[in-house]
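Have the viewer open while you read.

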Amino acid sequence: MLKTVLLLLLAYIAYRFIFGFVIPVSKATRSVRQQFKAAQDQMEAQMRAQQGYAQSQEANQNRPNPKKFSSDYIDFEELK
């Protein structure tokens, strides 16, 4: 009889430990990992967007700008 009571008490303690500590900690850990992954993915997306923007800026700077000639241009003549 005492052995049965001790086994039931041990089972109850194990149940409380598992459902009161182990499962909530594992859920919290999983949640934190997902949040870190989401933050990392967002950071990588921002970096890719910034790199794409920087590359497009470099491409625009490397491309020669078409020169616009104005019809109001006056030739400079040196006076002596």
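A residue counts as buried here when its relative accessible area is under 20%, as exposed when that value is over 50%, and as partly exposed in between. With that in hand, and keeping in mind that this is a predicted model, how much of the protein chain counts as buried? The figure is 0% of its 80 residues.

The fold is quick to describe: the secondary structure comes to one helix and zero strands. That helix, α1, covers residues 2-62. The protein chain exposes about 8,500 Å², and carbon and sulfur atoms supply 61% of that area.

**The nonpolar patch**

Part of the surface is a nonpolar patch formed by L2, L6, L9, Y12, I13, Y15, F17, I18, F19, F21, V22 and V25. Together these residues have about 1,200 Å² of accessible area. One of them, L2, is found in helix α1. L2 has a relative accessible area of 62%, so it is exposed, the cut-off being over 50%. Y15, also a patch member, comes in at 49% relative accessibility and therefore counts as partly exposed.

**Aromatic pairs**

The structure holds two aromatic pairs. In one of them, the ring centres of Y15 and F19 are 4.8 Å apart and the planes sit at 45 degrees, so the pair is tilted. Why tilted rather than stacked or edge-to-face? Stacked needs planes under 30 degrees apart and edge-to-face needs over 60, so an angle of 45 degrees falls into the remaining class. Both residues lie in helix α1, four residues apart, which is about one turn of the helix.

**Salt bridges**

Side chains of opposite charge can pair when their charged atoms come close.

| Salt bridge | N to O distance |
|---|---|
| D41 and K37 | 3.7 Å |
| R48 and E44 | 3.9 Å |

D41 and K37 both lie in helix α1, four residues apart, about one turn of the helix.

R48 has a relative accessible area of 54%, so it is exposed.

Technical notes
Residues numbered from 1 in each chain as written. Predicted model: local features only at pLDDT ≥ 70, side-chain atom pairs only at ≥ 80, totals over all residues. Heavy atoms only, no water. Phe/Tyr/Trp six-rings, centres within 6.5 Å; stacked < 30°, edge-to-face > 60°. Helix = DSSP H or I, 4+ residues; strand = E, 2+ residues; numbered from the N terminus. Buried < 20%, exposed > 50% of the residue type's maximum accessible area, 1.4 Å probe, protein only. Patch = residues over 30% accessible without salt bridge, like charges linked within 9 Å, V, L, I, M, F, W, Y side chains within 5 Å. Areas by Shrake-Rupley, 256 points an atom, 1.4 Å probe, with all protein chains shown as cover. Salt bridge = Lys/Arg side-chain N within 4 Å of Asp/Glu carboxyl O.
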